Each structure stands twice: as C-alpha cells, then as structure tokens.
Amino acid sequence: MDDELAQVGPRLRAARRARGWTLDELAEKAEMSTSTLSRLESGKRQASLELLLPLTRRLGIRLDDLLPDETPDPRIRRSEIRRDGLVIVPLSPEGSPVHTYRITYPPTGRLPALRVHDGYEWFSVISGRLRLRLGAQDLILGRGEAAEFDTRTPHAMSAAGGRPAQIISIFNDEGVRMHTHVADPA
C-alpha cells in the first residue's frame, strides 16, 4: 500500500503539468497553500481526502486516477493445439479481439486438400518455407514474407522442402474456428 501511496504525488504533479498549470495556479484554484501542494507532489506530506478532493475536482480527474492500475500478467498461458500434424500455439489471450497463433507445419510431401470457409487470414513466415496454394496460384514463401487472403478462396498450406515451416498467423473469429477446432467425429 505504501508503494501505491508513493505514486499519488507524482501522478498529481503529472496531471497538473498536463494542464500547463504552475504550483501557484493549482494551489489557488484548490484554495490551499503552494507549499502544501508542493509537499504533496514531492511526497513530503501525507495525502488525505481533505487535501486531494479539491485538487482532483479542479484537475477534472478521479481519486482513482492518482492510484496505480493493477497491471495484469501479460504472459499468455494457453495450451498448444495439435491438429492434422500441425502444432498451433496461441499467442493471444482467450477472448482477445485479435486471434494470433504460431503454427508449425511439419515437412510433408503432399499438400492438404484445398479448403474454403468464411473468414480472413494474415500470416508471416518466421522460419522454413511455406507452400501456399491459393486458388490457381501455387506459391512458396520464405522467411520474412507475408500474405493475406480471403479464406473463401480455395486454399491450402504446407511446409515446402524437408524442414518444418513456422508462421505467425492472425485470423478473424471464423478463421480461428476452422484452424484450431477439431471436427466432431462422425
């Protein structure tokens, strides 16, 4: 709690400076002495509601704005998905508006069947070479190359050559369902 309170002064100072006000100007608006405000901002005076309420009103901020937000753990901890020989690693949290995955295509001698479904996909090759069959086009993409396409165009992807290919892929919701969910057994 002491660490959180220690941030009140610097946040108060930042809010004042963001409005271009001097210590004297804010102190006058909040009807307090400049030295009291200075000591609050520097942490040499204990913050109290009696002092903070007039300041936050004049600054147009909430008391909560003077306290740090709890920063959630940014790490993504989701299980990898194995499907049709692919290893699909989620890189975005569950429910994220952007669905990002690292997908590893194993080396294979054949291209999977072309698929068509609603959706849109973007990807970038991060290692190996990826074969993309998109409609009548048969493309080989190498490290650093990217592609985007409407998944209503018949398409299929596989590693090209004798090594796995890894891509970072971004899907819309429909694309996620097609690429990460295992079909129900018939």
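How much space lies in the second largest pocket? The legends below refer to a predicted model.

**View 1. Space in the second largest pocket.** The second largest pocket holds about 330 Å³ of space. Its lining is made up of 20 residues, and Leu-5, Val-8, Gln-46, Ala-47 and Leu-52 are the closest to the pocket centre. By class, 12 of the lining residues are nonpolar, 5 are polar and 3 are charged.

**View 2. Helices around the second largest pocket.** At least two lining residues come from each of α1 (2-6), α2 (8-18), α4 (34-42) and α5 (49-59). Helix α2 gives the largest share of this lining, with 4 residues.

**View 3. The largest pocket.** The volume of the largest pocket is about 400 Å³. Its lining consists of 16 residues, and those nearest the centre are Asp-84, Leu-86, Tyr-105, Pro-112 and Met-157. Strand β8 (residues 155-159) contributes 5 residues, the largest share of the lining of this pocket. The lining divides into 8 nonpolar, 4 polar and 4 charged residues.

**View 4. Asp-84 at the largest pocket.** Asp-84 is one of the residues nearest the centre of the largest pocket. Asp-84 sits in the loop that runs between β1 (81-83) and β2 (86-90). Although Asp-84 is not a glycine, its phi is positive, at about 50 degrees. The relative accessible area of Asp-84 is 61%, so the residue is classed as exposed, the cut-off for this class being over 50%.

**View 5. Glu-31 in the loop between α3 and α4.** Glu-31 belongs to the loop that joins α3 (23-29) and α4. Glu-31 is another non-glycine residue with a positive phi, here about 55 degrees. Its relative accessibility is 73%, and therefore Glu-31 counts as exposed.

View 6. Ser-158 is part of strand β8, the strand that supplies the largest share of the lining of the largest pocket. Ser-158 counts as buried because its relative accessibility is 5%, and the buried class covers values under 20%. Leaving aside residues up to four places away in sequence, Ser-158 touches Tyr-105, Thr-108, Arg-110, Leu-111, Pro-112, Arg-129, Leu-130 and Arg-131. Two of these contacts, Tyr-105 and Pro-112, are also among the residues nearest the centre of the largest pocket.

Technical notes:
Residues numbered from 1 in each chain as written. Predicted model: local features only at pLDDT ≥ 70, side-chain atom pairs only at ≥ 80, totals over all residues. Heavy atoms only, no water. 1 Å grid on protein atoms, 1.4 Å probe; cavity = no way out; pocket = protein on both sides within 12 Å on 5 of 7 lines; lining within 4 Å. Points joined across faces, edges and corners; volume = space filled by probe spheres on them. Nonpolar A, V, L, I, M, F, W, Y, C, P; charged D, E, K, R; others polar. Buried < 20%, exposed > 50% of the residue type's maximum accessible area, 1.4 Å probe, protein only. Contact = heavy atoms within 4.5 Å.
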